[in-house]
Each structure stands twice: as C-alpha cells, then as structure tokens.
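Here is my note on the model. Please read it with the structure open; the points are numbered for reply.

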Amino acid sequence: DYAAALIGLGKMEAGRRHLSSALRRLEQAIEIDPHDAEAQFAYAEVLEAMGRTNEALAAYFRTLEYNPLHAKASQNIGAIQLANDQPEQALARFDQAVELLPEDGLLRFQRGQAHLALKHLPQAIADFQTASRTVGDRPEIFYQLALALDAAQQKKEALQAAEQALRLAPNYADARDLSQRLRR
C-alpha cells in the first residue's frame, strides 16, 4: 500500500525491460494515489515503450494535470506530436519544457526540429546550435543544423555542420549526400 515503493519497483522493472510487470506495479501505485504525477509519468513512459502511444499521451497529460511544471512530460508529449507530424502542437510543448530546462540539449534539438518543420529557420538554427554545444557528440544534431543553415542560404556554415556530422558518423549517408551537394 505504499505508492512510492511501487513506483520505484515499476521503474526498476521497466529498466530491465519487464514492461508488463512494470505496468502492473505502476497501475497499483496509481490505484493507491491517482493524483501522483510521478506515477502517471512512469506509467506513460512504460506505455510508450510498449507502443501504446495514445494511452501514453493520456497519461502524460494527466501528469501535467497533477504537476503543470513537469518538463519531461511536456517534452515527451512534444516528441510524440512531432513524430505524428504535428509540429505546431509539439512546439508549444517544447516551449513549455524549455522554460523549465533551458540548457537541456536534447530538448533544444527536438524544439529545433519543430521549428525547422515550421520553417522558423533562425529559431531552428539557434536551438540546434545550443544542442550542438551541450550534446556535441550526436551527428544527427549537426545534420539537422546543416539542413536549417542550408534552408537559410548559409551554405558555408551548412557545409561545416554536415562535415561535423560526418566526422562523428563517417557512414551517415544523408550527411554525406548533403555535404556533397553543398560542395557543388
């Protein structure tokens, strides 16, 4: 009957990829305290890992209902919305999360992707540059930065970003193609 212990057990089981048993533990925790934001968040993450995206979204929204300042819930909602080709909705969620976690590199990368999808090029570039400084070993960040710079007609800078992506991942075909196109 101790919700925090059940949440902890559920998170441990999820970490071991025992998703069904993790889900049961988290359901028990939610039954004890349905307004526990951390239980709802952990439950949402397990549902998402199981591919049950719509149910995960509902649980993430419940997380925000019980804790409106839960940045990771906003971030995860935004990621799902971006994957579902809803960049405007995703951007709103990412903006909320960035207010709380302004230096989170992955979050800034995701917000940059939403900006790029909406053709907000200066904002996309700024977010990708922040992400590249804080999470500098991810080739996809430099590739997306190169795409944004190319779209903004900054060819020299775009080529530099594409080549950095290739230095980090020499077999990154999209970055190689972009780099070759920018050299022409």
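**Notes on the predicted model**

1. Gln110 is buried, with a relative accessible area of 13%. Buried means under 20% relative accessible area, exposed over 50%, and partly exposed in between, with a 1.4 Å probe and protein chains only. Gln110 belongs to helix α7, residues 105–117. Beyond its neighbours within four places in sequence, Gln110 contacts Gln75, Ala79, Leu82 and Phe94. Contact is taken as heavy atoms within 4.5 Å.

2. Basis of the values. This is a predicted model, in which local features need pLDDT of at least 70 and side-chain atom pairs count only at pLDDT 80 or more, while totals for chains, interfaces and linings use all residues. Residues are numbered from 1 along each chain as its sequence is written, and side-chain values use heavy atoms, with hydrogens and water left out.

3. Overall layout. The protein has eleven helices and zero strands. Helices here are DSSP runs of H or I with at least four residues, strands are runs of E with at least two, and numbering starts at the N terminus. The C-alpha atoms fill a box of roughly 65 × 30 × 25 Å along the principal axes. Of the 184 residues, 47% count as buried. Take the contacts between residues at least 6 apart in sequence: 42% of them join residues at least 24 apart.

4. Helices α1 and α2. Two packed helices are described by the angle between their axes and the distance between the axes. For α1 (residues 3–15) and α2 (residues 19–32), the axes come within 8 Å and cross at roughly 165°. Axes are lines fitted to C-alpha atoms, for helices over the stretch in contact, and angles run from 0 to 180 degrees between N-to-C directions. The two helices are therefore roughly antiparallel. That label applies to angles over 145 degrees; under 35 is roughly parallel, 65 to 115 roughly perpendicular, and the rest oblique. The crossing of α1 and α2 is left-handed: the near helix is turned anticlockwise from the far one by less than a right angle, whereas clockwise would be right-handed.

5. The α1–α2 contact. On the α1 side are Ala3, Leu6, Ile7, Leu9, Gly10, Glu13 and Ala14. They meet Leu19, Ser21, Ala22, Arg25, Leu26, Gln28, Ala29 and Ile32 of α2. The contact residues divide into ten nonpolar, three polar and two charged. Ala, Val, Leu, Ile, Met, Phe, Trp, Tyr, Cys and Pro count as nonpolar, Asp, Glu, Lys and Arg as charged, and the others, Gly among them, as polar.

6. Helices α8 and α9. The axes of α8 (residues 121–134) and α9 come within 9 Å and cross at roughly 155°. These helices are therefore also roughly antiparallel, and their crossing is left-handed. From α8, the contact uses Leu121, Ala124, Ile125, Phe128, Gln129, Ala131 and Ser132. From α9, it uses Ile141, Phe142, Gln144, Leu145, Ala148, Leu149 and Ala151.

7. Aromatic pairs. How many aromatic pairs does a search of the whole structure find? Three. Rings of Phe, Tyr and Trp (its six-membered ring) pair if their centres lie within 6.5 Å; planes under 30 degrees apart count as stacked, over 60 as edge-to-face and the rest as tilted. One of the pairs is Phe41 with Tyr60, tilted, at 5.7 Å centre to centre and 50° between the planes. Phe41 sits in α3 (residues 37–49) and Tyr60 in α4 (residues 53–66), 19 residues apart. Phe41 is buried at 8% relative accessibility, and Tyr60 is buried at 0%. Tyr143 and Tyr172 also form a tilted pair, 5.3 Å centre to centre with 40° between the planes. Tyr143 is in α9 (residues 139–151), and Tyr172 is in the loop between α10 (155–168) and α11 (173–183), 29 residues away. Tyr143 is buried at 13% relative accessibility.

8. Loop residues to check. Most residues other than glycine have a negative phi. Lys119, in the loop between α7 and α8, has a positive phi near 65°. Lys119 is exposed at 67% relative accessibility. Gln153, in the loop between α9 and α10, also has a positive phi near 65°. Gln153 is exposed, with a relative accessible area of 58%.

9. Asp33. This residue lies in the loop between α2 and α3. Asp33 is partly exposed, at 31% relative accessible area.
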